[in-house]
Amino acid sequence: MSGILVYALHYDGAINKNSLGAVSEGARLASELGTECHAIMVGEGITDDLAGQLGNWGAAKVFRVEGPEGLAQPVVDAMAKVATDNDHDYLLFGGGLLGFEIGAGLAARLDAGVVMEVTEVVAQDGKLVAKRPILKDSQVADVHYRSKVGVIIGRLNAFEAKETGSGTAAVEDVQVEFAPHSLKATMVQRGEQRGADVNIEDADILVAGGRGLGNADGFKALEELAGALGGAVAATRAVVDAGWYPYAAQIGQTGKTVAPKLYLAAGISGAIQHKVGMQSSENIVAINKDSNAPIFEFSDLGVVGDLNKIVPKLTEAVKAKKSG
Amino acid sequence: VKICVLVKEVPDAAVEKRINPSTGRLDRGGEKNLNPFDTHAIEAAMQLKEGGAIEVDEVVAVTMGPASAERALRKAVSLGADRAVQLTDDALAGSDVNGTGYALAKVLESESPDLVLLGQQSDDGECYTIGAVVADHLQMPSLTQVIKIDVEDGKLRCERQAEYGYDTVLVELPAVISVGDAINEPRYPSLKAIMGAKKKPLDAKSAADAGIEADRVGYDNARAHCSDFAAPPAKEAGKIIEDEDTGETVEQIVAWLDERKLLA
């Protein structure tokens with residue numbers, strides 16, 4: 001039977017939010033195509049409860065494979081076997097780093113067309129068409145598959161997790177013989193948290209800093225502004241990787257996704273990887289000295305200027321306004 | 001060991017990119033340059049070579065692209081590669097991720113590298129996946145978005161950020177590693193290196209030279225085709241303030257925030 005197979009990533013006893021979204025989307029598309037949505041999980045000692053709960057999000061069946069966690073290539077082996085044995089036509093991922101790696105590996109293994117950064121999928125004439133923004137999101141292309149199997153890798157948060165299913169899904173164990181190369185990368189440590197704990201997901205106001213701050217000291221001015229506004233400080237991946245701010249404050253593709261009432265971006269260019277983590281914010285204010293920075297294309301208020309001059313004065317003005 | 005670095009020619013960042021509506025493919029006219037993300041991969045290769053923890057005999061820059069891509073390849077050589085290989089053939093034009101990954105894997109097979117390095121993405125295609133495609137064809141372990149590489153008993157100890165924080169992964173050679181741009185600050189080539197790059201060997205190969213099956217590459221054999229380009233749902237243009245008088249600018253920002261009750 002043809003159908004849709006969705007990869008469900010899990011960690012520490014919980015299934016990834018984007019994976020739940022992908023399962024919901026897979027279930028919706030499967031019903032339009034008149035087929036079933038199945039999910040697959042790969043890991044060590046996955047419980048019946050953990051796997052079975054995917055039924056709540058629309059999976060008709062969950063394939064469970066015992067194997068290493070957190071690495072893409074063992075999942076490529078597992079999904080290639082399950083998709084071939086069960087004749088799945090589409091392999092769906094909710095985005096994130098592993099989804100990209102697994103999807104790409106499957107494209108090679110199964111000679112399957114692959115589309116990444118997909119924001120929408122539609123059923124047309126019994127087939128799926130993936131919509132993908134291109135050229136820095138200035139256009140959206142319809143992508144048609146010309147292969148037996150199609151790999152669809154969603155953009156982060158593209159698919160909403162909806163509990164529409166009918167309870168617990170059947171769990172089927174599958175034995176997979178991993179390819180030798182798939183076992184030549186081994187996890188030494190997974191999910192290490194570096195730096196202080198910062199809770200940015202619950203904040204109504206976020207002041208976020210990027211490379212344009214110039215150095216780690218630039219965050220001091222942002223912390224003062226955030227303090228005056230009653231918000232928290234967030235950061236881009238670039239500055240977290242540079243060691244200017246803790247990982248817990250990172251917004252974007254591999255960090256957190258936020259939607260505060262106010263998102264004030266200082267020295268952030270607005271690359272896609274950052275945008276996906278904050279574009280649902282109610283009000284976006286950007287300060288950047290480069291008037292061509294992409295962030296100005298999706299900010300509600302854009303300020304073209306030197307943040308080192310503007311931020312301290314803005315902090316003072318906010319304090320004065322609030323106390324007056 | 002031998003390191004191959006995959007590089008790509010991309011339109012210069014300053015060139016406005018557009019889709020040719022009649023072909024559905026990126027219009028690749030205008031100024032070209034070496035994909036900026038690839039310079040981090042070359043730098044990572046040079047640091048492994050200079051670091052001494054493994055003996056690097058040779059760094060080879062490898063590209064697939066039209067004749068003009070030679071310039072990007074020369075730039076890669078000026079940044080430290082010992083020689084270059086260019087896969088160039090009209091039959092390859094319009095290849096998608098599948099065709100490109102397969103073709104690059106065929107070229108790499110003939111080089112038998114111990115390590116393949118590449119940048120985390122190309123500046124034009126906005127695709128992050130070619131390393132994983134190449135790795136599956138070569139049957140090598142692979143990791144993307146790596147921000148730190150250490151050598152440990154002949155293996156690579158790699159760090160990267162994944163969904164749940166930082167992961168540390170031990171990877172056996174031969175391997176395919178794509179590096180994130182946070183891994184290093186690429187050096188600038190010296191004038192001497194730029195001049196010297198012209199004298200280093202550049203081996204041009206056709207698809208047939210590399211043993212590439214013609215029915216697996218090119219636009220007609222792409223496994224996915226783009227069509228029906230549309231503008232995304234428009235977001236209303238925001239207000240823009242050019243900061244000339246900072247006092248005035250700040251006043252305007254505060255008024256804007258206050259109107260939206262964000263200063264309560």
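Keep in mind that the model is predicted.

**Stop 1: the sheet.** Select the six strands in the order S15(A)-S14(A)-S16(A)-S17(A)-S18(A)-S15(B). Together they make an open sheet with parallel pairing. Now look at the edges: residues 232-235 of chain A form one edge strand, S15(A), and residues 239-242 of chain B form the other, S15(B). Each of these pairs on one side only. Going from one strand to the next, the twist averages 20°.

**Stop 2: a pair of strands.** Zoom in on S14 of chain A, residues 205-209, which runs parallel to S15(A) and is joined to S15(A) by 4 bridges. Pick A:Leu206, and opposite, in S15(A), you will find A:Ala232.

**Stop 3: the helices.** Next, select residues 218-229 of chain A, helix H5. Helix H5 packs on the sheet and touches S14, S15 and S16 (262-266) of chain A. Its direction makes about 170° with that of S14(A). Then move to helix H8, residues 307-323 of chain A, which lies across S16, S17 (283-288) and S18 (301-304) of that chain. Helix H8 runs at about 130° to S17(A).

**Stop 4: one residue.** Finish with A:Asn288, in strand S17 of chain A. Is A:Asn288 buried or exposed? Its relative accessible area is 10%, so A:Asn288 counts as buried, the cut-off being under 20%. Show its side chain, which reaches the backbone oxygen of A:Ile268 at 3.0 Å. Beyond its neighbours within four places in sequence, A:Asn288 has contacts including A:Gly267, A:Ser269, A:Phe296 and A:Val303.

Conventions: Residues numbered from 1 in each chain as written. Chains lettered and ligands numbered in written order. Predicted model: local features only at pLDDT ≥ 70, side-chain atom pairs only at ≥ 80, totals over all residues. Heavy atoms only, no water. Pairing = 2+ DSSP bridges. Helix = DSSP H or I, 4+ residues; strand = E, 2+ residues; numbered from the N terminus. Axes fitted to C-alpha atoms, helices over the stretch in contact; angles between N-to-C directions. Contact = heavy atoms within 4.5 Å. Buried < 20%, exposed > 50% of the residue type's maximum accessible area, 1.4 Å probe, protein only. Polar contact = N/O pair within 3.5 Å; in protein donor to acceptor, adjacent residues only side chain to side chain.
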